[in-house]
Every structure is written in C-alpha cells, then in structure tokens.
Amino acid sequence: MNNIIARTINLEKTYSPGEHNEVKALKGVTTQFSSGEFVAIIGPSGSGKSTFMHLLGALDLPTSGDVEIAGKSLTKLKDNDRADLRAKELGFIFQGYNLLSTLTALENVVLAGDYAGLPAKASLERAKELLKEVGLAERFDHTPAELSGGEQQRVAIARSLMNDGRLILADEPTGELDTKNSEAIVELLRDLVKRKQKTIVMVTHNEALTRFCDRVIKVVDGRLA
Ligand SMILES: Nc1ncnc2c1ncn2[C@@H]1O[C@H](COP(=O)(O)OP(=O)(O)OP(=O)(O)O)[C@@H](O)[C@H]1O
Ligand SMILES: [Mg+2]
C-alpha cells in the first residue's frame with residue numbers, strides 16, 4: 001500500500017520577485033513522499049534544497065504551486081491552521097541542533113511537548129522514553145555544552161519526535177559530525193522510519209549516507225534532476 005503523507009505540486013519559490021535581486025530558487029518541483037519512506041535530498045549548494053524543506057515544512061509559502069500534508073493544502077489553510085498542522089504532523093532536525101543552551105537534554109525535549117500541547121506529566125514521561133530510545137538514558141541532566149555533537153543531535157531527534165508527527169524533516173543533520181557519528185545518526189533515523197512508520201526527508205551533502213535511504217532526490221538549479 002502506498003500511503004502518501006506529503007506531496008508537492010509544481011512548487012515554485014521566487015525570493016524578492018520583480019526586484020533586481022530576484023532569485024528563482026525553485027522552478028516547479030512535483031514529488032511525493034510515502035509513509036515509512038526515508039528519502040535523501042542531494043544537490044549543489046544554492047540549488048534550492050533548504051528552500052524546498054522550508055516549504056515542505058510549512059515554514060514558508062510558495063510563490064506558486066502547492067504542498068499537501070496529510071491531504072491538506074498548505075496554501076489554502078489559514079495561518080493558525082497551518083501552524084496547527086505543523087505542531088501535529090511535523091518534526092524538524094537541523095544542522096546546528098538548535099538546542100537551548102541553558103536547558104538540560106531532558107528539558108529541551110520536554111519543551112517540545114509543551115509546544116505540542118501535551119500535559120506536563122505526559123510530556124515528561126514521553127521525553128524520558130524518547131531520550132532512552134536514542135541512547136541517552138544516562139544524559140538527561142546534561143546541558144548541550146556537556147554533550148558531544150552526536151549526542152546533541154540525538155537530543156534534537158528525540159525532540160523532533162515529541163509530537164509523534166508523521167513527517168520528519170532533517171536539513172543536513174550530520175553536517176557538523178564526523179563519519180562515524182554521521183552514520184550512527186543516519187542509522188538511528190532509518191531505524192525510526194522502519195519501526196515507527198515515519199517519513200523522513202533528509203538533505204545531505206554526504207552522498208555516502210544515501211545508502212541508508214530508500215530513495216534519493218537530486219535538486220539542481222531549482223529543479224529535480
Ligand atoms: N531568504 C532568501 N532571500 C533571498 N534569496 C534566498 C533566500 N534564501 C535562499 N535564497 C537563495 O535561493 C537559492 C537557494 O537557496 P537554498 O538555501 O535553498 O540552497 P541549498 O540548496 O539549501 O544550499 P546549501 O547546500 O548551501 O545549503 C540560493 O541562490 C540562495 O541564495
Ligand atoms: Mg541548505
């Protein structure tokens with residue numbers, strides 16, 4: 001069964017349209033993502049990968065075309081409904097981890113539960129559970145500065161799972177990690193996809209990591225190659 005969780009339809013994004021600094025970052029991208037699929041996005045710097053991820057994650061709106069998440073058209077939703085969809089269905093993992101430096105690993109993950117509207121107790125239990133799943137049972141009380149890069153990214157992965165959303169977007173999640181840690185993180189992501197039937201879309205510059213993925217999409221100059 002091919003269960004489509006997200007699709008993009010002739011997606012275009014032009015920054016500063018009509019101005020001297022206009023950039024056509026995406027020039028009509030049509031693709032789809034099924035549940036339980038781990039997809040890599042590769043392509044040269046400036047080709048539009050992050051732009052694509054922002055649109056797919058409902059963080060920005062296209063100039064034309066559309067994105068559908070769980071059957072809902074993002075361009076037709078009201079702002080607060082779009083934010084709601086993001087809070088329920090999407091998880092984000094970024095290159096720089098984006099953890100709050102004054103909070104512990106556990107507090108960073110719990111915070112995402114608050115954003116997702118989980119009751120405090122449920123949020124705490126779930127955060128502990130997820131941190132254990134990513135191998136950080138012994139690191140609950142460490143702040144980001146007291147964690148290795150790979151461990152910080154594991155916290156960010158646990159955080160992205162707090163809302164139990166179906167689509168996880170990762171923009172160069174291993175960009176700051178060495179080969180060994182990069183592979184460990186990507187194997188963890190692949191394991192999540194298979195065990196929890198998540199859909200993960202991951203941008204990477206490291207083509208060796210695409211061997212862990214089900215499918216590779218190449219973006220060149222704002223188009224799928
Ligand atoms: N907010 C913005 N305003 C104007 N131009 C932008 C903006 N964001 C990105 N661009 C331009 O759009 C193009 C695509 O950028 P994007 O960040 O999507 O590339 P990328 O494929 O993620 O690159 P990298 O691999 O370096 O991260 C680039 O030419 C970039 O300069
Ligand atoms: Mg980018």
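In the predicted model, helix α6 buries S182, I185, V186, L189, L192 and V193, a residue being buried if 20 or more other C-beta atoms, placed from the backbone, lie within 10 Å of its own, exposed if 12 or fewer, and partly exposed in between. Viewed down the helix axis, these buried residues fall within an arc of 110°, so they line one face of α6; the arc is that of the directions from the helix axis to the C-beta atoms. K180, E187, K194 and R195 are exposed on the other side of α6.

Helices (H or I, at least four residues) and strands (E, at least two) are DSSP runs numbered from the N terminus. Just after α6, Q197 adopts a positive phi of about 55°.

The elements covering the buried residues of α6 include those tabulated below, contact meaning C-beta atoms, placed from the backbone, within 7 Å.

| Element | Residues |
|---|---|
| β3 | 38-42 |
| α5 | 149-160 |
| β7 | 167-171 |
| β8 | 199-203 |

Ligand 1 is surrounded by residues including Y15, V23, G43, K49 and T51, counted when the C-beta atom, placed from the backbone, lies within 6 Å. The elements giving two or more residues to this shell are β2 (23-34) and α1 (49-56), and α1 gives the most, with 3 residues.

Residues are numbered from 1 along each chain as its sequence is written, while chains are lettered from A and ligands numbered from 1 in the order in which they are written. As this is a predicted model, local features need pLDDT of at least 70 and side-chain atom pairs count only at pLDDT 80 or more, whereas totals for chains, interfaces and linings use all residues.

Definitions and conventions: Contact = placed C-beta atoms within 7 Å.
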